[in-house]
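I would like to take you through one model, and I will keep to what can be computed from its atoms.

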Amino acid sequence: MIGHEALSVVEATGRGVQGFAPGDLVVSTVRRPDDCPNCAAGESDMCLFGKYTERGIKGAHGYMGQYYSEQPAFMVKIPPQLRPFAVLLEPLSIVEKATYQAWKIQERMVWEPKRAVVLGAGSIGILATILLRLRGLEVHVYAKTPTDSVHAAVLKQLGATYESVDDHPITGIKAELGQIDYILEATGNSTVAFDAFAVVGVNGVVCLTGVSGGKSRIRIPSDVINLQMVLGNRLAFGSVNANRRYFELGVQHFQQAEQRWPGIFERLITRRVPFDEFKSALDRRPEDIKTLLTIATE
């Protein structure tokens with residue numbers, strides 16, 4: 001059974017369960033640990049052995065059903081006022097981790113980032129922009145989406161700039177913007193990832209969150225990238241999944257962002273589809289940011 005992003009309502013709790021009661025809104029996390037040291041420390045997103053399971057993705061059923069059972073340790077309680085958009089918490093947790101980890105890594109030096117670039121204007125790219133704007137960064141987003149799209153309008157509301165890569169190739173943004181302190185890649189395109197390595201600024205960091213499939217081969221300016229990475233103390237790292245810490249951060253940032261940009265998260269939910277019309281949810285439309293499948297109304 002698929003479905004790793006879900007907002008659910010507690011129907012019943014087992015004997016001795018504390019902290020949850022029938023009627024509570026919850027979002028359950030995705031990954032379940034194996035017996036590696038990182039998993040034992042509560043960081044299954046940093047699993048060493050790779051024998052973890054993931055709800056709806058790997059070795060465990062997901063949430064696309066009327067009911068499921070779960071352990072309290074993997075459930076995050078949601079304040080009622082967040083109900084209209086709390087289903088976005090799982091994708092938000094992905095960029096929560098990416099952002100937290102980038103800033104943690106950069107404690108290796110005095111780092112005062114001012115300008116960030118987000119590659120991709122889907123839900124991950126927009127959620128990343130929200131977090132970066134909350135941190136006070138100047139944010140520039142690049143993607144294939146037209147500049148008159150709803151995606152661009154949402155980014156404008158956030159105070160970010162948006163450009164189409166058809167007019168502004170990634171390889172040229174260093175000349176356009178100057179120093180780029182942080183790049184988050186959310187496209188899943190390996191060519192874009194290597195382009196990012198070549199344009200990030202001195203002491204800058206690139207975080208890859210997109211998953212690329214296939215066996216594509218490309219030509220890259222390897223000498224230039226190698227030289228710049230060494231002489232400029234540049235860094236690139238990958239980030240996958242998220243543990244409970246990042247879900248809890250997401251709940252906090254939901255509330256902060258809603259205060260600053262009222263209604264911003266509901267703008268990301270562009271379609272709600274009843275379960276009996278699920279096939280239409282699979283038809284990707286140009287105006288789609290996030291499509292929700294509604295299994296139950298209450």
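This is a predicted model: local features need pLDDT of at least 70, side-chain atom pairs count only at pLDDT 80 or more; totals for chains, interfaces and linings use all residues.

Residues are numbered from 1 along each chain as its sequence is written, and side-chain values use heavy atoms, with hydrogens and water left out.

Helices and strands here are DSSP runs numbered from the N terminus, a helix being H or I over at least four residues and a strand being E over at least two. Helix α6 covers residues 190-199, and its buried residues are Val192, Ala193, Ala196, Phe197, Ala198 and Val199, where buried means under 20% relative accessible area, exposed means over 50%, and partly exposed lies in between, with a 1.4 Å probe and protein chains only. Those buried residues pack against several elements, including β7 (115-119), β11 (205-208) and α7 (222-231).

Now to the backbone of the loops. Most residues other than glycine have a negative phi. Asn203, however, has a positive phi of about 60°, and this residue sits in the loop between α6 and β11. Asn241 also has a positive phi, near 60°, in the loop between β12 and α8 (244-260). Are these two residues buried or exposed? Asn203 counts as partly exposed, at 23% relative accessibility, whereas Asn241 is buried, at 8%.

Next comes an open sheet of three strands, in the order β3-β4-β5 and with mixed pairing, where two strands pair if DSSP finds at least two bridges between them. Because β3 (31-32) and β5 (59-60) stand at the edges with a single partner strand each, one side of each has no neighbour in the sheet. β3 runs antiparallel to β4 (residues 53-55) and is joined to it by two bridges, and Arg32 has Thr53 as its bridge partner in β4.

Finally, the cores, each a set of buried Ala, Val, Leu, Ile, Met, Phe, Trp, Tyr and Cys residues joined through side-chain atoms within 4.5 Å. The largest has 55 residues, of which Leu89, Tyr182 and Phe265 touch the most other members. Apart from it lies another core, of 16 residues, which includes Val192, Ala198 and Val199.

Methods: Contact means heavy atoms within 4.5 Å.
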